[in-house]
Amino acid sequence: GSQSVTDALNGVVAEVGDVIMGRDAFATYNGNAWVGSLERMHPGLGYMYYSQSVKSFNYTQTAEDTSTPAAVTAPTYENWSYNPYKYADNMAVIATLHDASGNVIEPANCVVAAFAGDECRGLVNGSNNIVFLTIHGETKGKEISFRIVDKTNGKQYAAKSSTLFGDAILGSATEPYVIECSELSGIDDAE
């Protein structure tokens, strides 16, 4: 009973930077298409639509859209995991990965995770060109750090800077947030 984001939002006059956000995935409109971790929309699940202008649309339910939506299953990596239902709020991060020299790190073979202290609050397991990461929390201003694992060699990286939980969307498809990574010495795998 689901529809692609493109089909579900067919009646919306989307603008560059508009975002549709579910519990653990989101998509942004880049001017040509909806891109991101949210690929399908399900009737009965809640979504937030963010835009610079007022929007109004109807989600058209097809005849086969009568099934009950399945619960969101969060991705995991090694012992990094999180509960997408633990916190009431979430924020979207649209980012690129860069090494200490400023070179782009291809995220397709990487796991990117967000942490509040030692608690994992969101994780994405590989993505193309841009990282689409949903972070869960409820305390505005809580420091969020990022950890990255290159699955091809097991090397773990930490972001040189952190962000604060709060803004609904950090970065955009046209101006992604930059996560600058530095290699953690002596660590060969996610612990």
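Contact here means heavy atoms within 4.5 Å. Among contacts in the protein between residues at least 6 apart in sequence, 64% join residues at least 24 apart. The model is predicted: local features need pLDDT of at least 70, side-chain atom pairs count only at pLDDT 80 or more, and totals for chains, interfaces and linings use all residues. Residues are numbered from 1 along each chain as its sequence is written, and side-chain values use heavy atoms, with hydrogens and water left out.

The secondary structure comes to one helix and 16 strands. Helices (H or I, at least four residues) and strands (E, at least two) are DSSP runs, numbered from the N terminus. Of the 191 residues in the protein, 41% are buried. Buried means under 20% relative accessible area, exposed over 50%, and partly exposed in between (1.4 Å probe, protein chains only).

An open sheet of four strands has the order E4-E3-E2-E6, with antiparallel pairing. The edges are taken by E4 and strand E6 (48-50), each with a single partner strand, so one side of each is left without a neighbour in the sheet. On average, neighbouring strands of this sheet are turned by 25° against each other, direction ignored. For such angles, axes are lines fitted to C-alpha atoms, for helices over the stretch in contact, and angles run from 0 to 180 degrees between N-to-C directions. Two strands pair if DSSP finds at least two bridges between them.

Strand E2 (residues 19-21) and E3 run antiparallel and are joined by three bridges. Met 21 has Phe 26 as its bridge partner in E3. Ile 20 is bridged to Ala 27 of E3. The two strands, E2 and E3, form a hairpin with four residues between them. On to strand E4 (residues 34-36), E3 again makes three bridges, and the strands run antiparallel. Here Thr 28 has Val 35 of E4 as its bridge partner. E3 and E4 form a hairpin with four residues between them, and Gly 31 in the turn has a positive phi of about 105°.

In a regular strand the side chains alternate between the two faces of the sheet. Both faces of E3 are covered. Phe 26 and Thr 28 on one side are buried, as are Ala 27 and Tyr 29 on the other.

Aromatic pairs were assigned next. Rings of Phe, Tyr and Trp (its six-membered ring) pair if their centres lie within 6.5 Å; planes under 30 degrees apart count as stacked, over 60 as edge-to-face and the rest as tilted. By this rule there are six aromatic pairs. The rings of Phe 26 and Phe 132 have centres 5.8 Å apart and planes at 65°, so this pair is edge-to-face. Phe 26 lies in strand E3 (residues 26-29) and Phe 132 in strand E11 (residues 131-137), so the pair ties together parts that are 106 residues apart in sequence. Phe 26 is buried, at 0% relative accessibility. Phe 132 is buried too, with a relative accessible area of 10%.

Not counting residues up to four places away in sequence, Phe 132 touches Phe 26, Thr 28, Val 35, Gly 36, Ser 37, Val 93, Ile 94 and Val 124. The C-alpha atoms of Phe 132 and Ala 95 are separated by 6.8 Å, with the residues 37 apart along the chain.

Other aromatic features were also found. Tyr 29, Trp 34 and Tyr 49 form one aromatic cluster. The charged end of Arg 147 sits over the ring of Phe 115, 3.8 Å from its centre. A charge sits over a ring if NZ of Lys or CZ of Arg is within 6 Å of the ring centre and within 35 degrees of the ring normal.

Asp 18 lies in the loop between helix H1 (5-8) and E2. Asp 18 is buried, with a relative accessible area of 1%. The side chain of Asp 18 makes polar contacts with the side chain of Tyr 49 (2.7 Å) and with that of Ser 51 (2.8 Å). A polar contact is a pair of N or O atoms within 3.5 Å; within protein, one must be able to donate a hydrogen and the other to accept it, and residues adjacent in sequence count only if both atoms are side-chain atoms. Beyond four places in sequence, Asp 18 touches residues including Ala 27, Thr 28, Tyr 29 and Trp 34.

Ile 20, in strand E2, is buried with a relative accessible area of 2%. Residues touched by Ile 20, not counting those up to four places away in sequence, include Val 5, Leu 9, Phe 26, Trp 34 and Tyr 49.
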